[in-house]
Amino acid sequence: MAKSFDIGLERLTGAGVPRIGVTQEGGGPFANDAQGKKPSLQVAGGAESTFYLETFGCQMNDHDSEKVAGVLLARGYRQVDGPEAAKVILYNTCSIREKAAQKVFSRLGELRPVEATELRWIEESKLGLGKSANLEIGVPRAEDAEQRSGGVRTRRLQSAGKIIGVLGCVAQQEGEGIFERAPWVSLVCGSASYRKLPQLIAELEAGNRRVTGLDTDTDETFETEITRRDNPFRAYLTIIEGCDKACSYCVVPFTRGPERSRASASILEEVRQLAEAGYSEVQLLGQTVNSYADPSARKMRFSELLAAVAEVRGIRRVRFTTSHPRDFGKDIVEAIDAHPTICDQVHLPVQSGSTAVLRAMARTYTREEYLEKIALLKAARRPISISTDVIVGFPGETEKDFEETLSLLDEVQYDNVFAFKYSPRPNTPSLKMADAIPEEEKGRRLAILMDRQREIQRVRNEKLVGETFEVLVDGKSRRENQWSGHTSSNRVVNFTSPEQELLGDYVQVKVTKAMPHSLVGEMVGRG
Ligand code: SAM
Ligand code: SF4
């Protein structure tokens with residue numbers, strides 16, 4: 001079935017492939033249509049190779065997908081909007097919480113060819129497995145029986161003849177087990193092995209039935225010749241991959257492998273190319289971005305790299321995420337102070353306000369040590385917007401521990417909080433911890449925390465009414481004269497302007513109204 005993808009390697013750098021950061025349709029990186037036109041190349045033999053790529057999870061996954069798309073475009077594939085029209089269907093997956101992982105399996109279930117299900121049904125019947133088998137996909141269900149007995153056979157997508165691949169964290173976590181659970185999948189590749197993707201795709205094109213890339217013992221990062229960037233206003237750049245921390249609840253060290261940093265010269269070269277291509281905002285990415293360790297002889301510290309990126313001609317905004325509190329030092333705040341182009345925004349996940357819970361989470365800092373980092377940020381020369389991540393209902397979290405998290409929110413006065421119910425994950429030490437918190441109680445705590453934070457944000461945002469901010473315009477409403485964009489502090493601002501074309505422009509907006517999660521205003525000038 002893979003024969004129709006037999007394209008020559010010379011296509012890798014062939015004509016029609018766009019430069020880094022350039023959307024592929026006229027209008028440059030600020031074009032409203034972020035997808036742009038993809039090069040429409042024909043594969044050998046006349047059949048056109050198409051791929052559909054769906055991404056779950058964090059910004060790092062989004063950016064990995066941009067690079068995966070770049071690899072496929074370079075091989076002559078064309079991207080399509082839905083799995084129906086695609087010859088290759090790829091899911092770039094997330095397993096940080098159980099729900100995210102489940103979503104992928106239900107998507108794969110939609111691609112289950114009837115024949116494969118029947119085969120599996122027969123195999124499982126032989127093994128004595130039935131409806132009670134604890135498998136999320138490939139399990140015979142009433143509808144399969146209907147299909148077998150001549151019922152509707154076309155309820156699911158016709159996936160026969162397609163290449164179906166699972167990338168990312170679920171791929172790494174489940175490994176070849178995915179072939180067991182979904183025999184119609186032919187490619188399983190974790191993010192630490194993306195360097196091998198072109199080779200794996202070539203093997204499928206050559207007729208191999210199943211290929212995997214599951215090594216995590218690599219010191220390489222995933223760099224590509226072209227990256228098909230989806231966001232025309234903000235360019236993402238991974239500067240460090242993997243994670244060496246060992247938070248007791250987290251799958252990332254297992255699914256993304258050890259920390260690998262990219263050489264500073266290569267990062268700076270890409271930033272220069274992005275600036276030339278018209279991008280003025282870049283966001284440096286890493287699970288622990290500030291643990292960056294330059295592998296080159298230059299040995300740039302993270303704060304030095306930040307400063308160097310901020311000095312690239314044409315770059316007006318530099319963001320970075322996610323920072324780990326342990327590696328967050330004064331030098332980073334000094335770099336922000338010295339470079340107005342580094343945005344007034346730091347995401348510094350705390351996870352809990354209780355030192356006892358932080359210890360159980362193996363976060364490597366106490367509440368007091370975390371607050372010292374916050375004090376550094378509050379001492380900066382300009383106000384810095386601070387956001388965080390919080391997990392509620394970690395095993396053993398008492399009511400008093402939870403109260404301490406609430407009091408931390410009051411004390412820090414965050415501008416945004418991403419809060420999650422603790423989700424037990426495979427292979428993690430916290431899986432075996434005693435005193436699990438019931439789901440209902442986790443839900444109660446989450447609702448209380450979100451209410452408290454919403455009120456904090458409402459009050460904080462109210463204080464901004466009457467102030468004027470620089471906004472990078474990245475959205476146009478269907479309603480006339482309505483636009484939206486982001487401030488340097490990453491606040492969303494919806495504003496009015498009679499101008500005809502503003503996308504990608506920097507404008508001055510005066511805030512007239514505040515909501516907990518956004519601001520409303522009117523344009524008062526150009527940026
Ligand atoms: N490296 C970042 C750090 O140290 O804060 C976090 C990256 S993680 C992909 C994003 C967030 O997911 C974490 O900050 C945490 O709040 C949340 N998270 C991770 N594992 C979780 C779990 N097992 N249950 C609930 N939330 C989890
Ligand atoms: Fe996960 Fe902790 Fe690493 Fe963040 S620092 S990715 S929470 S292990």
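**Notes on the predicted model**

1. Strand 5 (residues 187-189) and strand 6 pair in the parallel sense over three bridges, where pairing asks for at least two DSSP bridges between the strands. Across from Cys-189, the bridge partner in strand 6 is Gly-213. Strands here are DSSP runs of E with at least two residues, helices are runs of H or I with at least four, and both are numbered from the N terminus.

2. A word on the ground rules: this is a predicted model, in which local features need pLDDT of at least 70 and side-chain atom pairs count only at pLDDT 80 or more, while totals for chains, interfaces and linings use all residues. Residues are numbered from 1 along each chain as its sequence is written, chains are lettered from A and ligands numbered from 1 in the order in which they are written, and side-chain values use heavy atoms, leaving out hydrogens and water.

3. Six strands form an open sheet with parallel pairing, in the order 2-1-3-4-5-6. Strand 2 (78-79) and strand 6 (211-213) are its edges, each pairing on one side only. Helix 2 (residues 98-110) packs on this sheet and touches strand 1 (50-55), strand 3 (88-93) and strand 4 (163-168); contact means heavy atoms within 4.5 Å. The direction of helix 2 makes about 165 degrees with that of strand 3, angles running from 0 to 180 degrees between N-to-C directions, with axes fitted to C-alpha atoms (for helices, over the stretch in contact).

4. Do look at helix 14 (residues 399-412) and helix 15 (residues 439-462), whose axes lie 10 Å apart at an angle of about 15 degrees. Helix 14 is therefore roughly parallel to helix 15, the term for angles under 35 degrees. Among the residues that meet are Phe-402, Leu-406 and Leu-409 from helix 14, and Ile-448, Leu-449 and Ile-456 from helix 15.

5. Val-473 stands opposite Gly-485 of strand 16. Five residues separate the two strands of this hairpin, and Asn-481 in the turn has a positive phi of about 65 degrees.

6. Strand 16 also joins strand 17 (residues 492-496) through five bridges, again antiparallel. Here Gly-485 has Val-493 as its bridge partner. This hairpin has four residues between the strands, with Asn-490 at a positive phi near 70 degrees.

Terms used: Angles under 35 degrees count as roughly parallel, over 145 as roughly antiparallel, 65 to 115 as roughly perpendicular and the rest as oblique.
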